[in-house]
Amino acid sequence: MSDVEFLVHSGLGRITLNRPKALNALTHGMVRDIAEHLEKWRADPGVRAVVAEGAGERGLCAGGDIRSIYEDARSGGTASWEFWADEYRLNALIGRYPKPYVAIMDGLVMGGGVGISAHGSHRVVTDRSRVAMPETGIGFVPDVGGTWLLSRAPGQLGTHAALTTAQLSGADAIHCGLADRYVPAGRLPDLYDALATRTPDSALDLVAETPPPSPLAAAREWIDHCYAPDTVEEILVRLRDGGEAAVAAAKEIEGKSPTALKVTLRALRTAAALPDLESALAQEYRISRRALSSAELVEGIRAQIIDKDRSPRWSPSTVAEVTGELVDSYFADLGDAELAGVRN
């Protein structure tokens, strides 16, 4: 069995991530295979639309292969540079794909899973969807175009989601601009049947339903107020002085990597002014390469994924200790190593 399977039927090119025991986490080989097939299907008149889905019932994709990145970072390697470069090029390809790209965002959709879905033309969530960018919890920063997407969410909802790593419901994802249509999981077979004979727009008009209310939308007032400042320190002050939900958000943020928090906030504020997805991906590539050499990423993955003690020892240990110079280093120009090929 392949880690990702491809099938063309009824004019649909179907991409099925096939690592259900690993929550369909993306490997470098999977990224390359998906890009290769998308390029081939781009010019294939027998493929009128693409559908991306995950095997099993737990989720589309829980992100990248974190263990491989951990081993690479711990050994001082650079293999992850090439993985990220190919992954970000794939994200850009999906974002500008000339044919309908239907992403079935059922179950968990995290990190790299967002990258292969939320840049598509037709993004479908369900009652089981849980969409998140959990990177600050492992000493990393939202990537795969996550800063581009979250910086464009209404008000400060994207900042809240990025700093707390909150899991968004399907309704939240639609409200934040990470998804388009809501189809209850029990009706996904009806959607697949409709896609076989209709355009994606027509199929979704037939099957999609009105999403339930978005809890995040209801919390917009306090979120916009608390996350308006451009420093993590001031955001935390406002959250601690807020109501019960705000205080709970502050506690979530306090457990994340202080360095990752500050870099993430700057990345979001910067991405909001960038002209396109490709520019955001180029910025994220600079940050990712710098993160690979940091002790934060190794420690964060160790605590959350390897040892699972959930007690990371961050250094610096507080946001106050994270200097502007340290944050600047994550955004430094890479010269000849800058991400290339995202605009082809």
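A pocket, on a 1 Å grid over the protein atoms alone, is an open set of points with protein on both sides within 12 Å along at least five of seven lines, while a cavity is a set of points where a 1.4 Å probe fits but cannot get out; lining residues have an atom within 4 Å of a point. Grid points are joined across faces, edges and corners, and a volume is the space filled by probe spheres set on the points.

What you're looking at is a predicted model, where local features need pLDDT of at least 70 and side-chain atom pairs count only at pLDDT 80 or more, though totals for chains, interfaces and linings use all residues. Residues are numbered from 1 along each chain as its sequence is written, and side-chain values use heavy atoms, with hydrogens and water left out.

Here are the spaces, with their volumes and linings.

| Space | Volume | Lining by class |
|---|---|---|
| Largest pocket | About 890 Å³ | 16 nonpolar, eight polar, 11 charged |
| Second largest pocket | About 160 Å³ | four nonpolar, three polar, four charged |
| Largest cavity | About 30 Å³ | eight nonpolar, no polar, no charged |

Those classes put Ala, Val, Leu, Ile, Met, Phe, Trp, Tyr, Cys and Pro under nonpolar, Asp, Glu, Lys and Arg under charged, and the others, Gly among them, under polar.

So who sits around the largest pocket? Its lining has 35 residues, and A62, I66, M110, P134 and I305 lie nearest the centre. Two or more lining residues come from each of α2 (66-74), α3 (79-95), β6 (108-110) and α16 (295-306). Those labels are DSSP runs numbered from the N terminus: helices (H or I, at least four residues) and strands (E, at least two).

The second largest pocket has G54, L60, R128 and Y192 among its lining residues. Here β3 (49-54), β4 (59-61) and α8 (188-195) each give two or more.

As for the cavity, the lining residues include V131, M133, L150 and L178.

Now for the sheet. Six strands form an open sheet with mixed pairing, in the order β1-β2-β3-β5-β7-β9; two strands pair if DSSP finds at least two bridges between them. At the edges, β1 (4-9) and β9 (181-182) each pair on one side only. Strand β2 (residues 12-17) runs parallel to β3, over six bridges, and L12 has A49 in β3 as its bridge partner.
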